Amino acid sequence: MTSQRKKAKGESLTLRYLILGGWALFCLAPVLWFLSIGLRPRTEIITAQPIYFPSFSLDAWHMIWEDWPMAAYLRNSIAAIIGSVIIDLVLAIPAAYSLSRFSYKGRDDIGFYILSTRMMAPAIVAVPIFFLFRNFGLLDTIWALMLIYAAINLSFVTWIIRSYMLDIPKELEDAAKTDGAGEIRILWEIIIPAVLPGIITASVIAMIFAINEFLFTLLIASTPDAYTMSVALSNFTGGSDGVIYNAIALVAFLAFVPVFLVVVAIQKHLSRGLTMGALKG
Amino acid sequence: MARIELTEIQKSWGAVQGVRDVNIDIADEEFIVFLGPSGCGKTTTMRMIAGLEDPSEGRIVMDGEVMNDIDARDRDVAMVFQGYALYPNMTIYENIRFPLRMRGVPRDQHDAKVRRAAEFVELTDYLDRKPGALSGGQRQRAALARAIVRQPQVFLMDEPLSNLDAKLRQAMRVQIKHIQRELKITTVYVTHDQIEAMTLADRIVIMENGAIQQIGTPDQIYNDPANTFVASFIGSPPMNLIEGKLENGAFRAPGIEVANLPTRHSGAVTLGIRPEDCTVAGGSPHLSGTVYGVEPTGDLTYLTVKAGEKLIEVKASREYRASMNKPETVTFDLSRLYLFDTTTGQRLS
């Protein structure tokens, strides 16, 4: 009886690993494909015949680092993304605290207005944004990218953090008040630590959106001083060399790596945060 | 440590009136318990004392100082909450230390005060744990330690034991009373559990629909209820309340007759008698009915007798047994009868 049960348990475990392994392979396949394209000679990529044993080449790797200021693009991307997430958190945390914990006239309308900024097509505001940044002398700067990424992501960062704050028992704040804490202390010492998984979740999603942002980056950045990875991809198309697929694949892979590393590093918080968010609605 | 006076306190939210005409004078070092069903206004009254709610009208005075416009953080009160309200990101040590940090107690005194408070509630072995790693009873003791660490003028406790099981609740009850007596701190305690109220209180404030029904010592509340609400709220099983007619000192209701009552009232009245003041059979029975239910509990037996359409609870001896629908008689202790006005519910003299 026991051995039968052990056998059945072992089979069920193998099946589970097979299913999960298959799913993992399915998810990783595009990434591995990109990497494989990036590490092959250009001639092999565009051939019509399938190649079963591709050759390995670092041509694209050397090209992107030697012929293009890729380090600057990477640095611009990281600086703009980190800066935008910091701006988002500085603005979104107090806004979410206010929307979730205080009662005042028009509170729900303000909350809806913040969310509604995500409801229009970004292209609608592209021209006004261009003129705005030009008038402020911010065109082609990292600062402009930080501000625009922060503006794009602020609404959902606020709403994600707000949904976590709504779930914190009111008693915690009441206890802190009777213990002698003021509003700022309560926010800093009680509320923020309690919603940390939500803050991390919102930050990671904001990072992913920011690194993928193309329209406004193309509009604002016109030189390598402000080019980011997403815009760099367009450098490898339309020139005299045609579409350089292996370079595009490698740059896309490089853009994927920092976000992937961040997600791996905070995986525990992120999975908890996403699950909690799902329950809160 | 502090005397609290509540004068003409009202609290309303738009058309909804949560608390009305509350007047209480709580003496220094007194243990006062607000008792009542859910929604009766007891927690709101406590929150107004804490400064977490503002009264719509009336005055809250502590030791002669009007508190109405003073923030919760500037009142010298400590509160223990029903859900413990321990800060989940801090260890128990940090939780207990939090009020000391917030109130600007010199840093070099923190450790000694935290350890002393933890010793008081026997929690010294758990100081480095987070609240999530403690049991319900330990969390409640940690919440108590956080309240007592800075020796406030007033303790406020909002149903602090309601999340605990019966055995732990009893143990914590004893501990809370011991701590209060030892520290001599004026304590306001909110509960809907009459046993907690009776065992802990110097005085009980019974509330219903936002208004005070009676203030008195546990003995006064039990033995001298002001109205039918108080009479039926205190006691387990509650007092039997029998509606009937009073004529020439004789009370009559279907299956019930009590003569020679020393009263000049007449007309529709409600007669009250506690289950422990009823005796099965007896020399000259006042009630004739049939057995409706028998519930042995070990130390005694709860007997329910049906007289007319009314069910009367009786505490019978532990040996008492009877079959359903068997005719039964009950004798009332005439010195323990209460008469209430049926319309107003108020006690008749």
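**Domains of chain B**

I started with the distance between the two domains of chain B: in this predicted model, the C-alpha centres of domain 1 and domain 2 of chain B lie 38 Å apart. For the bounds I went to the domain assignment, which gives 4-231 for domain 1 and 233-341 for domain 2 of chain B.

Next I looked up how the two domains of chain B touch. On the domain 1 side, 16 residues are in contact with twelve residues of domain 2 of chain B. The area buried between these two domains of chain B comes to about 1,300 Å², and carbon and sulfur atoms give 62% of that.

The elements giving two or more residues to the domain 1 side are helix H6 (194-200), helix H7 (218-223) and helix H8 (228-233) of chain B. Of these, H8(B) gives the most to that side, with four residues.

**Nonpolar cores**

I moved on to the cores. The largest nonpolar core has 96 residues. The residues with the most contacts inside it are A:Met70, A:Ile161, A:Met165, A:Phe236, B:Leu156 and B:Val188, so I noted that names from both chains turn up in that list. Which helix gives this core its largest share? Helix H7 of chain A (residues 142-166) does, with twelve residues.

Leaving aside neighbours within four places in sequence, A:Met70 is in contact with A:Ile64, A:Trp65, A:Met229, A:Ala232, A:Phe236, A:Val251 and A:Leu254. There is also a second, separate core of 48 residues, and B:Ala78, B:Tyr84, B:Ile148 and B:Met172 are among its members. As a reminder to myself, nonpolar side chains tend to be buried together in soluble globular proteins.

**Salt bridges**

I asked for the total over all chains, and by this rule the count comes to 23 salt bridges.

A:Asp179 forms a salt bridge with B:Arg146, the closest N and O atoms being 3.6 Å apart. A:Asp179 lies in the loop between helix H8 (170-178) and helix H9 (183-194) of chain A, while B:Arg146 lies in helix H4 (residues 136-148) of chain B, so this pair joins two chains. Buried or exposed? Both A:Asp179 and B:Arg146 are buried.

B:Asp202 forms a salt bridge with B:Arg181, with 2.8 Å between the closest N and O atoms. This pair links distant parts of the chain, 21 residues apart: B:Asp202 is in the loop between H6 and strand E9 (203-208) of chain B, and B:Arg181 is in helix H5 (residues 166-183) of chain B. B:Asp202 is partly exposed at a relative accessible area of 27%, and B:Arg181 is partly exposed at 36%.

B:Arg347 forms a salt bridge with B:Asp224, the closest N and O atoms being 2.7 Å apart. B:Arg347 is in the segment after strand E20 (338-341) of chain B and B:Asp224 in the loop between H7 and H8 of chain B, 123 residues apart. B:Arg347 has a relative accessible area of 29% and is partly exposed; B:Asp224, at 42%, counts as partly exposed.

For the network, I found A:Lys170, A:Asp174, B:Lys11, B:Arg47 and B:Glu53 linked by salt bridges.

Last, I went through the backbone. A cis peptide bond joins B:Ser236 and B:Pro237, with omega about -5 degrees. B:Pro237 sits in the loop between H8 and strand E11 (240-247) of chain B.

I also noted two non-glycine residues with positive phi. B:Glu159 has a phi of about 45 degrees and lies in the loop between strand E7 (154-158) and H5 of chain B. Its relative accessibility is 9%, under the 20% cut-off, so B:Glu159 counts as buried. B:Asn248 has a phi of about 50 degrees and lies in the loop between E11 and strand E12 (250-253) of chain B. Its relative accessibility is 81%, over the 50% cut-off, so B:Asn248 counts as exposed.

Key:
Residues are numbered from 1 along each chain as its sequence is written. Chains are lettered from A and ligands numbered from 1 in the order in which they are written. This is a predicted model: local features need pLDDT of at least 70, side-chain atom pairs count only at pLDDT 80 or more; totals for chains, interfaces and linings use all residues. Side-chain values use heavy atoms; hydrogens and water are left out. A nonpolar core is a set of buried Ala, Val, Leu, Ile, Met, Phe, Trp, Tyr and Cys residues joined through side-chain atoms within 4.5 Å. Buried means under 20% relative accessible area, exposed over 50%, partly exposed in between (1.4 Å probe, protein chains only). Contact means heavy atoms within 4.5 Å. Domain bounds come from an automatic or database domain assignment. Buried area is the accessible area (1.4 Å probe) that two parts lose on being put together, summed over both. A salt bridge is a side-chain nitrogen of Lys or Arg within 4 Å of a carboxyl oxygen of Asp or Glu.
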